[in-house]
Amino acid sequence: MEKKKVETLEQAQAKIEEIDMALVELIATRQFYLDQVLRFNRKKQDIESPKMDEVIARVRQHAQHQGLDPDLIESLYTEMLQYFLRRELKELRP
C-alpha cells in the first residue's frame, strides 16, 4: 500500500479508516485460505505443527524491515494464530 503525505486531519482519518477496512478484508481472506487448508490437514498433529513459530519469525522480521515494533506484531499475530488454531481444532472434532 502506498504511503503519501496528507494535507488535512480528515484525509489522515479517511486513510486510517481505509486501512482498517483493508486489514479486516485481509484477515477474512486469510481465514478463507485456512479453511481450505483444513481440507488437507485432517489430523490434529497436522494443525499443531511448529509452523506458528515460523510465521511469527517471518512477520517479526518483516515488521522490523517496515520500521514497526516486532513485539507488537508478534503479539497481534500470536492472538490471531491462536484464534485460528482453536477454530481449526473445533472443526476437526466430531
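What percentage of the 94 residues of the protein count as buried?

## Burial and surface

The answer is 18% of the 94 residues. Please keep in mind as you read on that this is a predicted model.

## Fold and contacts

The secondary structure is simple to list: four helices and zero strands. Going along the sequence, you will read the pattern α-α-α-α.

How do the contacts span the chain? Among contacts with a separation of 6 or more, 61% are accounted for by residues 24 or more positions apart.

## Aromatic pairs

If you like ring geometry, the structure holds two aromatic pairs. One of them joins phenylalanine 32 and tyrosine 33 in an edge-to-face arrangement, with 5.1 Å from centre to centre and 85° between the planes. Phenylalanine 32 has a relative accessible area of 45%, so this residue is partly exposed. Tyrosine 33 counts as exposed because its relative accessibility is 51%, and the cut-off for exposed is over 50%.

Tyrosine 83 and phenylalanine 84 make up another edge-to-face pair, with centres 5.5 Å apart and planes at 65°. Is phenylalanine 84 buried or exposed? Phenylalanine 84 counts as buried, because its relative accessibility is 3% and buried means under 20%.

Definitions and conventions:
Residues numbered from 1 in each chain as written. Predicted model: local features only at pLDDT ≥ 70, side-chain atom pairs only at ≥ 80, totals over all residues. Heavy atoms only, no water. Helix = DSSP H or I, 4+ residues; strand = E, 2+ residues; numbered from the N terminus. Buried < 20%, exposed > 50% of the residue type's maximum accessible area, 1.4 Å probe, protein only. Contact = heavy atoms within 4.5 Å. Phe/Tyr/Trp six-rings, centres within 6.5 Å; stacked < 30°, edge-to-face > 60°.
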